[in-house]
Amino acid sequence: MAAGNKILVLGGLVMVFTTLLIPGDLLFAASARTNYLLYCSGCHLVNGKGNHPNVPTLHNELGRMMTVPAMREYLVRIPGAAQAPINDEELSAVINWVLQQWNADTLPAGFKKLTQAEVTAARQEILADPLRYRAQHWKDLPH
Ligand code: HEC
């Protein structure tokens, strides 16, 4: 075998082994993060802090909201989330990633991640007036 081919084969094996060695959770997190970067960060910024007062931060407040059951579906029914060009499984992963990444300290004890079934159902009911729904079930966005 030519030296170049050996290197290719070795490279291939290294890739296979690294994929096997990375725990499934990490792979999952990586793709959720990538989808966040592709479909959310344009408005909410790479660091998730948004652009006050037009685009809200995704830090801390979402975790607090999760004490109110009606606010679980809110996270999905937000137009920016519901209309992202990713499937329900991917959207569930992005939202759960945002909650873990930037709201871990404020999530209520015993919080259960959003399920794909929940996301599938909620996503069909995009909020025409998200700020109103938010104010009715939680509170106004800070000005
Ligand atoms: C085109 C800009 C834009 C994109 C892209 C976008 N958002 Fe938003 N997002 C907003 C704006 C603006 C709001 C405020 C509510 C509204 O007017 O929709 C918001 C609100 C939210 C909220 C509610 C925050 C709160 O405190 O009430 C969540 C959660 C959210 N977005 C998640 C996401 C996720 C997840 C994605 C990617 C899948 C995403 N958004 C993509 C602009 C965007």
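A: A nonpolar core is a set of buried Ala, Val, Leu, Ile, Met, Phe, Trp, Tyr and Cys residues joined through C-beta atoms within 7 Å, where a residue is buried if 20 or more other C-beta atoms lie within 10 Å of its own, exposed if 12 or fewer, and partly exposed in between, with C-beta atoms placed from the backbone. This is a predicted model, in which local features need pLDDT of at least 70 and side-chain atom pairs count only at pLDDT 80 or more, whereas totals for chains, interfaces and linings use all residues. Residues are numbered from 1 along each chain as its sequence is written.

The largest nonpolar core has 21 residues, and V76, V94, I95 and V98 are the ones that touch the most other members. At least two residues of this core come from each of α2 (24-39), α4, α5 (70-77), α7 and α8, and α7 gives the largest share, eight residues. Such helices (H or I, at least four residues) and strands (E, at least two) are DSSP runs, numbered from the N terminus. In soluble globular proteins, nonpolar side chains tend to be buried together.

I95, one of the core residues with the most member contacts, is in contact with L75, V76, A81 and L114 when its neighbours within four places in sequence are left aside; two residues are in contact if their C-beta atoms, placed from the backbone, lie within 7 Å. Y36, in helix α2, counts as buried because it has 21 C-beta neighbours inside 10 Å. Not counting residues up to four places away in sequence, Y36 touches S41, V94, W97 and V98, and its C-alpha atom is separated by 9.5 Å from that of A93, a residue 57 places away along the chain. N96, which lies in helix α7, counts as partly exposed, because it has 18 C-beta neighbours inside 10 Å. With the same exclusion of residues up to four places away in sequence, N96 touches K113 and L114, while the C-alpha atoms of N96 and L75, 21 residues apart along the chain, are 9.9 Å apart.

The contribution of α7 leads on to its packing against helix α8 (residues 116-123), where the two helices meet at an angle of about 105° with their axes 9 Å apart; axes are lines fitted to C-alpha atoms, for helices over the stretch in contact, and angles run from 0 to 180 degrees between N-to-C directions. The two helices α7 and α8 are therefore roughly perpendicular to each other, a term that covers 65 to 115 degrees. In this contact D88, E89, L91 and S92 of α7 meet Q116, V119, T120 and R123 of α8, and by class the contact of α7 with α8 has two nonpolar, three polar and three charged residues. In this classification Ala, Val, Leu, Ile, Met, Phe, Trp, Tyr, Cys and Pro count as nonpolar, Asp, Glu, Lys and Arg as charged, and the others, Gly among them, as polar.

Between α7 and α8 runs a loop that holds T106, a residue that is partly exposed because it has 17 other C-beta atoms within 10 Å. Apart from neighbours within four places in sequence, T106 is in contact with N60, G63 and R64, and the C-alpha atoms of T106 and R64, 42 residues apart along the chain, are separated by 5.4 Å. N60 itself is placed in the loop between α3 and α4, counts as partly exposed with 14 C-beta neighbours inside 10 Å, and has a phi near 65°, a positive value in a residue other than glycine. The loop between α3 and α4 also holds L45, whose phi is near 70° and likewise positive in a residue other than glycine, and P53, which is joined to H52 by a cis peptide bond with omega about 0°. Most residues other than glycine have a negative phi, and most peptide bonds are trans.

The ligand is surrounded by 23 residues, of which the closest are C40, C43, P56, G80 and A84; a residue is near a molecule if its C-beta atom, placed from the backbone, lies within 6 Å of it. By class this shell divides into 17 nonpolar, four polar and two charged residues.

As a whole, the protein has nine helices and zero strands, and 18% of its 143 residues count as buried. Among contacts between residues at least 6 apart in sequence, 71% join residues at least 24 apart.

Technical notes
Angles under 35 degrees count as roughly parallel, over 145 as roughly antiparallel, 65 to 115 as roughly perpendicular and the rest as oblique.
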